[in-house]
Amino acid sequence: MGKPVVLIAEELSPATLDALGPDFEVRHCDGANRDELLAALAKGVDAVLIRSATKMDAEAIAAAKGLKVIARAGVGLDNVDIPASTTAGVMVVNAPTSNIVSAAELAISLLLASARFISPAHAALRNGKWARSKYTGAELFEKTLGIVGFGRIGQLVAHRMQAFGMNVVAYDPYLQPARAAQLGVTLVELDELLKVSDFITIHLPKTKETANLIGVEALKKVKPSVRIINAARGGVLDEAALFDALTEGRVAGAGLDVFATEPCTDSPLFTLDQVVATPHLGASTDEAQERAGIAVAVSVRKALAGELVPDAVNVKGGAIHEDIRPSLPLVEKMAQLATALAGELPVSMDVHVRGDISGHDSSILAISALKGALIATGAEEITYVNAPAIAAERGITSTVDTDQESLEYRSMISLHCALSNGKSITVDGTLMGIRKVEKIIAIDTFDLDLPPTDNLLFLRYTDRPGIVGTVGNLLGSAGINIAGMQVARNKAGGEALMAITVDSAVSDALVASVAKGTGAELVRSVTLESK
């Protein structure tokens, strides 16, 4: 097999290639050229790295043979179809913190430029005009700054503007007042912010709820001396309403880096001296570009190595503790095993995490269980991205709970699967020793010490002499080599479970022969897959 293919669809910093390293075949294309992009994707790629000019919509995702990761070297994901990516099992990653300093600094630059008419004064001077009296501005000292959206960027702006002696208020319905108080900022309702602010800066994503949030009605509530800055997302600030407010003297000035439609080169706002505007430069610093490229390159390396990525936007679970990570493939195999033994998809799966590892966030194991169960049914292209949605379509649920107590092992995981007929099956597993060796330690009430190898054969039967010999003879006659065998029973002559590890898969015909020859109530050949 060749190296994984990474398609770089836009210009990225040299540090991005350095961070990728030598383990990938790197191809390039002009992502803004639609035909060139689709042709490059159709050749087969494992990952595509983009910025803002490349549109990875449903058409592009469908054209991308073998695509596993879309990496956006930046924060916004307006140009990536997240639902289509998720349905296709494609992980989407970005660099959410790469440009926050650059974006905050640009917002402050626009605020200062608006307050002091930097742009028109500069233009007048270049045109030979010394217009000091025309461009009398406003100080920031002891003025009120209203921050709409108090996330990471908004908080950076607040910290920096407090150094100017500004009083800062913020509107953010999702932030706890205690956190704002720690930063010396007062949380207020939006109407109050509009009423008291001398400067307003916007730091919100554009959603259905935030579209035109600062619009006609909002701009009726502000001071006529207010200056409004938007370096977040176009469309949160209604540009037509802003133009009317500026020309009617209801708003004193504005600083804009983003627009509802981009690129934007012809706006009536650009004709006004009260407006300073830049062409979406929030992330356009060498430092931000380098951080973004390195961050997504690292994410691509992790994703193509089969690891989950903290910055994956369409995978639940977030950062995975190093003590939890080895349990992901174990739980997948446990779910495959349970589903194969049951002969059907479980209705629900409960993952019980016990012992030392219970102190870490193990919620991602719920997706491991879903993924394993779906793989066991023969479903293809199942990933941590699309497993929850596919499971939901099939009516399967999974949960995780934890308990610090584990009587026999330092850590163990118990997977309880409820079936449609009202019955259930439980598979217990653990990771043993420094090497974290996978072991199945119980199935229902039967204790085992079973490595979850690729090919397994299970029998449930009534304990009696001769069964082991019969099974051995049948497998031997078929050329199936036995690597290991374990028999567990609840009592002599009672119900027994035989678990056999074999070197190759057991055919359906041989399963039928074993069932006939032993009279076992259940015979299952199980092939465990790692995907």
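What share of the 531 residues in the protein is buried? Buried residues make up 50% of them. Keep in mind as you look around that this is a predicted model.

Let's start with the overall form. The C-alpha trace spans about 105 × 50 × 40 Å along the principal axes of the protein. The radius of gyration is 30 Å, whereas a compact globule of 531 residues would come out near 24 Å. Within that outline you can trace 16 helices and 22 strands. As for how the chain meets itself, take the contacts with a separation of 6 or more: 62% of these join residues 24 or more positions apart.

Now for the surface and the charges. The protein exposes about 25000 Å², and carbon and sulfur atoms supply 51% of that area. Its side chains include 48 positive and 62 negative ones, and the centres of these two sets lie 2 Å apart.

Finally, let's zoom in on one residue, Thr-54. You will find Thr-54 in the loop that runs between strand E3 (47–50) and helix H3 (58–63). Is Thr-54 buried or exposed? Thr-54 counts as buried because its relative accessibility is 0%, and the cut-off for buried is under 20%. Leaving aside residues up to four places away in sequence, Thr-54 touches Ala-9, Glu-10, Gly-31, Ala-32, Leu-37 and Asn-79.

Methods: Residues numbered from 1 in each chain as written. Predicted model: local features only at pLDDT ≥ 70, side-chain atom pairs only at ≥ 80, totals over all residues. Heavy atoms only, no water. Helix = DSSP H or I, 4+ residues; strand = E, 2+ residues; numbered from the N terminus. Rg over C-alpha atoms; globule rule 2.2 N^0.38 Å. Buried < 20%, exposed > 50% of the residue type's maximum accessible area, 1.4 Å probe, protein only. Contact = heavy atoms within 4.5 Å. Areas by Shrake-Rupley, 256 points an atom, 1.4 Å probe, with all protein chains shown as cover. Lys, Arg positive; Asp, Glu negative; His and termini not counted. Charge placed at Lys NZ, Arg CZ, Asp CG, Glu CD.
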